[in-house]
Amino acid sequence: MSDLINRFLKEDEEDVTTEKYLTFIIDKQTYAVEISNVKEIISIQDITTMPDFPDFIKGIINVRGVIIPVIDMRYRFKKPEIEYNDRTSIVITIINELLVGLIVDSVDEVLDIEKADISPSPKMSSDTNAKYVSDIAKVDKKIILILDANRILNNDELSGIADIIE
């Protein structure tokens with residue numbers, strides 16, 4: 001019986017020292033979001049464009065009767081445009097209680113990242129990506145930029161999207 005209890009205690013200890021992240025690739029760089037912010041991952045599909053949306057918001061999709069706005073993360077990060085392919089995915093995330101799809105070049109994996117391997121992102125006001133990146137993780141020899149999902153859209157952008165899809 002005590003072995004069983006010890007095993008659960010060890011699992012709890014491991015949970016405290018690691019966090020789960022979904023990693024994905026944008027322009028050869030690995031990014032991550034906390035798995036708790038991810039609702040699902042779907043393949044790229046037809047996107048209905050909406051007038052007067054900013055360029056980085058590609059439009060809306062219908063996922064099982066739910067209208068979801070989609071953001072091309074390449075546009076958001078001011079990266080060069082590429083044609084979508086069979087690896088292009090939409091990561092449906094929760095941003096400030098709103099479902100939003102993030103178009104990424106490809107989904108990588110779900111990782112348990114040790115908290116000790118995560119450092120705060122340096123603050124550089126001139127870098128567009130810096131305002132979206134909350135932390136940086138080093139896993140093996142790979143650098144992973146951890147996004148703060150709630151920073152991907154500002155309040156005005158969120159309100160504009162919420163008005164259209166509600």
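## Strands E6 and E7

Strand E6 (residues 89-95) and strand E7 (residues 98-104) run antiparallel, joined by seven bridges. Strands here are DSSP runs of E with at least two residues, and helices are runs of H or I with at least four, each numbered from the N terminus. Two strands pair if DSSP finds at least two bridges between them. Thr 93 sits opposite Val 100 in E7.

The model is predicted: local features need pLDDT of at least 70, side-chain atom pairs need pLDDT 80 or more, and totals for chains, interfaces and linings use all residues. Residues are numbered from 1 along each chain as its sequence is written, and side-chain values use heavy atoms, without hydrogens or water.

## The sheet

Five strands form an open sheet with mixed pairing, in the order E3-E6-E7-E5-E4. Strand E3 (38-43) and strand E4 (57-63) are the edges, each pairing on one side only.

## The cavity

A cavity is a set of points on a 1 Å grid over the protein atoms alone, where a 1.4 Å probe fits but cannot get out; lining residues have an atom within 4 Å of a point. The count is one cavity of 30 Å³ or more. The lining of the largest cavity includes Asp 72, Arg 74, Tyr 84 and Ile 103.

## Asn 155

Asn 155 belongs to helix H3 (residues 155-165). Asn 155 counts as exposed because its relative accessibility is 60%, where exposed means over 50%, buried under 20% and partly exposed in between (1.4 Å probe, protein chains only). Asn 96 is 59 residues away along the chain, with a C-alpha separation of 9.3 Å from Asn 155.

Notes: On a 1 Å grid over the protein atoms alone, a cavity is a set of points where a 1.4 Å probe fits but cannot get out, and a pocket is an open set with protein on both sides within 12 Å along at least five of seven lines; lining residues have an atom within 4 Å of a point. Grid points are joined across faces, edges and corners, and a volume is the space filled by probe spheres set on the points.
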